Amino acid sequence: MSEDSEKEDYSDRTISDEDESDEDTFMKFVNEDIHQCALLTADSISDPFFPGTTQILLEYQLGRWVPRLREPRDLYGVSSSGPLSPTRWPYHCEVIDEKIEHIDWTPLNPEPMYIPTGLEMEPLYANSKEETVVYLAEDAYKEPCFVYSRVGGNRTPLKQPVDNCDDTLMFEARFESGNLQKVVKVAEYEYQLTVRPDLFTNKHTQWYYFQVTNTQAGIVYRFTIINFTKPASLYNRGMRPLFYSEKEASAHNIGWQRIGDQIKYYRNNQGQDRHHHFSLTWTFQFPHSKDTCYFAHCYPYTYTNLQEYLSGINNDPVRSKFCKIRVLCHTIARNMVYILTITTPLKNSESRKRKAVILTARVHPGETNSSWIMKGFLDYILGNSSDAKLLRDTFVFKVVPMLNPDGVIVGNYRCSLAGRDLNRNYTSLLKESFPSVWYTRNMIRRLMEKREVILYCDLHGHSKKENIFMYGCDGSDRCKALYLQQRIFPLMLSKNCPDKFSFSSCKFNIQKSKEGTGRVVMWKMGIRNSFTMEATFCGSTLGNKRGTHFNTKDLESMGYHFCDSLLDYCDPDRTKYYQCLRELEEMEKHINLEKVIDDSDTSLKEITLDLETSSHASDSSESNDSQTDLLKLNSQIKTKKIQLKTKKERNSTIARHQNIREEEQEVCDKGHLVQRHKESVSDVTDTRPSISDDCIFDYFRRQLPNQDTRFTLMQSKITHVLLKIILKY
């Protein structure tokens, strides 16, 4: 059997209860004269009609032979006998032997964002033949495209960086996930840096991660990265670079921390061919001399970190029982893409009734914050809490923690070694070029044939917006129920995590350029709740965390909140579910009111329908803007957004709103009766909407709950608009 075919056979195998085939189909082939024994292989049976294979095992249980598939070999899973597969690099990449490790650490106090003083400098550097190059990585440009890979990359002796005996800083980035292309010393304590574009591309310069040695304490150094390509950046909104000191880690157990002064992100004059570049500059004093330090765009999380984490799960006698780790496929560099199946193992048909939840991460390798959220999710779902056990008993979780290990290894920001964005190629048929997304889509399609998938979520990082939020798909072209229901889970998440997750930043639409993303493809395949979760590289603008950076524990906590919200969403007691649905209907009604005010030429019929019903969905072409307005309004409903109310409070609210609706319906019914009476005694056809004027104005004069001065003015304006429209008739 070829390796590719073996991958297809075993890549999506789950826990043994799912692998069991229909017993009756196989038992008719079994010879009744077989002597009882503990275990047989199918090829040992003499019946010529029985499949001759070693992959079917027969176990004698409760007086009969039960066939099942043999467990996959270690080649397709995680071996408990030794380390995991070593990382493979493009053959031309130079890689140092030193293994880079960092400690986990959480700052005692939240780290504030940088507040600009207005005096920040904008260094501009002219190309000079006399410039002092202290670091240069030329290996990335030896090949125009990926050729082949090898363990450890380039085996020739490494070219060492410039080793001066003076006080020049020494730079290094030829390690896993490292990214730095060139460093020029422009002044005694000032350095101009260039980051490497994604391999086999000429763009996507965002991720940086490099080492600095030969430091001097107490000296103000300036670092300027000159070849960013995005016009907007979180560095102009208070984000600081990350710094790590090995001496601080060993002496004080301090890990990654936010640092920097005089931080500025600005457009420079380095652009070529009408493409402008942007610079990031900052100043910093190292805490120790002769230290080994690191700078990074976000908290690093490498492929080796993932493999060590998975190895720990596999070697744990408890967690390994309900978390099976398999290899989904191999990348084009022959690195493994792992898939985890997490559920409580059962030996009966009940397990087939479990619904499925799918999580993926790191399709964009530079978005390391997504791996920290994934780690938090795995820590919680594999824990021993009662809620974690309930989730495992209720669902089958399919988890792909790192979709793009090749890009992670070489330090790319967005692309794979194919030089393409994998998250635009979920519709592609090119299995050899995009294996991880091809096999993921195929796995999900097969999974949907077995069981219902209630939620798909792809974890990402965002470089322009604060907080954590979601992108969903627009269901307005299908039905109103779907339009609101797919917003319920994000709303629950915002209630469970009000200081990190922003519902007002969520968007629900499908852009033409996003039709090849995992979120859109899975939604079109039939997964109603299909989301992209976006986590900022910076921090929060909400609640107690306002104005501070997210650390790794903040990101990991989102994994817990995801699980908590999933329990709320699927709770048999639908109180929270319907409470969120009612809030969404309220917000939709208010948005419709504001849209009426902005358009004085709207017909009387359109106004009345918008106000009297909550079933109107925004036009798909306007869903983006209207959703933003809708979500801004949610901040006004503070008592609902802070936390879910008690059952008694919710019942009281429900009863009050029900009484209001009944009164409104009574008024409108009376208006309808008057209008029908007029029509019955008139031979003239009235082309105006069949709703009485009295009913309309009574409706607008009603005092809605929590009415304020602003809403009273709104009512007056609406009445004025209606009078203008009626006079036209």
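These are my notebook entries on a predicted model.

**Ground rules.** I number residues from 1 along each chain as its sequence is written. The model is predicted, so I note the limits: local features need pLDDT of at least 70, side-chain atom pairs count only at pLDDT 80 or more, totals for chains, interfaces and linings use all residues, and side-chain values use heavy atoms, with hydrogens and water left out.

**Entry 1: the annotated residue.** I looked up the UniProt record. The unreviewed entry lists Glu-534 under "active site". UniProt positions follow the numbering used here, feature names are shortened, and annotations may be inferred rather than shown by experiment. I then placed Glu-534 in strand S24 (residues 530-536). Strands are DSSP runs (E, at least two residues), numbered from the N terminus.

Is Glu-534 buried or exposed? Glu-534 counts as buried, at 8% relative accessibility. Buried means under 20% relative accessible area, exposed over 50%, partly exposed in between (1.4 Å probe, protein chains only).

I listed the contacts of Glu-534, leaving out residues up to four places away in sequence: His-460, Gly-461, His-462, Asn-467, Ile-468, Phe-469 and Tyr-471. Contact means heavy atoms within 4.5 Å.

**Entry 2: strand S19.** I checked S19 (residues 355-361) next. S19 is largely enclosed by the rest of the structure, because 6 of its 7 residues are buried. S19 runs parallel to strand S20 (residues 395-400), joined by 6 bridges. Two strands pair if DSSP finds at least two bridges between them. Ile-358 faces Lys-398 of S20. S19 also pairs with strand S21 (residues 453-462), again parallel, over 6 bridges. There, Ala-356 has Val-453 as its bridge partner.

**Entry 3: a mixed sheet.** I traced an open sheet of 6 strands with mixed pairing, in the order S5-S8-S9-S11-S15-S14. S5 (132-136) and S14 (261-267) are the edge strands, each pairing on one side only. S14 pairs antiparallel with S15 (residues 278-285) over 5 bridges. Lys-264 stands opposite Thr-281 of S15.

**Entry 4: nonpolar cores.** Which residues touch the most other members of the largest nonpolar core? Phe-171 and Phe-295 do, in a core of 130 residues. A nonpolar core is a set of buried Ala, Val, Leu, Ile, Met, Phe, Trp, Tyr and Cys residues joined through side-chain atoms within 4.5 Å. Beyond four places in sequence, the contacts of Phe-295 include Tyr-208, Phe-223, Leu-242, Trp-256, Ile-259 and Trp-282. I also found a second, separate core of 23 residues, with Val-400, Leu-403, Phe-434 and Trp-438 among them.

Notes: Helices (H or I, at least four residues) and strands (E, at least two) are DSSP runs, numbered from the N terminus.
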